[in-house]
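Open the model in your viewer and keep the selection tool at hand.

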Amino acid sequence: MHIRKATLADADTVYRFICLLEEKQMDRGGFDICYEYNSNSPYNHYLLAEDGGTPIGFLSCQGQMLLHHANWVYEVQELYVEDAWRSKGVGKQLLDELDKILANVPYDVLEVSSNKRRTKAHGFYLQNGFEQTHLKFIRPKSR
């Protein structure tokens with residue numbers, strides 16, 4: 001298995017992974033705009049896991065300076081591993097590669113949010129050094 005930076009040429013693969021992660025068909029035009037914009041930011045990191053050139057996982061991470069930390073905070077926004085590859089260390093290797101990227105970057109915490117129905121993912125994050133310290137609340141634009 002090999003982990004590398006995802007590029008604009010990987011947009012179709014990443015789009016498919018995000019649709020599978022979210023369990024819905026995402027707006028492709030909006031996705032393409034976000035993917036290209038975020039790919040050009042030095043504070044976003046997109047990683048692709050491959051086995052023999054076949055994509056098997058994806059991680060995205062975004063950094064931002066937050067007032068309530070008075071420092072940089074990085075957040076894993078998406079982490080997806082193909083069903084056949086789950087529980088085989090792919091997610092951990094993606095996180096390990098992210099740790100290498102952020103090793104010399106000053107930041108306060110690495111965060112992740114996970115849908116409350118994804119209980120296996122919660123266990124994965126706890127096993128990989130994350131602590132559950134917050135509840136996340138959302139309010140959609142159209143109420």
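Select A11, D12, V14, Y15 and I18 in helix 1, then R28, F31 and Y35 in helix 2; these residues meet, with contact meaning heavy atoms within 4.5 Å. By class, this contact has 6 nonpolar, no polar and 2 charged residues. This is a predicted model, with pLDDT of at least 70 needed for local features and 80 or more for side-chain atom pairs, while totals for chains, interfaces and linings use all residues. Numbering runs from 1 along each chain as its sequence is written, and side-chain values use heavy atoms, without hydrogens and water.

Now show helix 1 (residues 11-22) and helix 2 (residues 28-39) whole. They pack at an angle of about 120 degrees, axes 11 Å apart.

Next, go to the second largest pocket. It holds about 180 Å³ of space. Select K5, A6, S39, N44 and Y46: of the 13 lining residues, these are the closest to its centre. Then colour helix 2 and strand 2 (44-51), the elements that each give two or more residues to the lining. Strand 2 has the largest share, 4 residues. By class, the lining divides into 6 nonpolar, 6 polar and 1 charged. A pocket here is an open set of 1 Å grid points where a 1.4 Å probe fits, with protein on both sides within 12 Å along at least five of seven lines; lining residues have an atom within 4 Å of a point.

Definitions and conventions. Axes fitted to C-alpha atoms, helices over the stretch in contact; angles between N-to-C directions. Nonpolar A, V, L, I, M, F, W, Y, C, P; charged D, E, K, R; others polar. Points joined across faces, edges and corners; volume = space filled by probe spheres on them.
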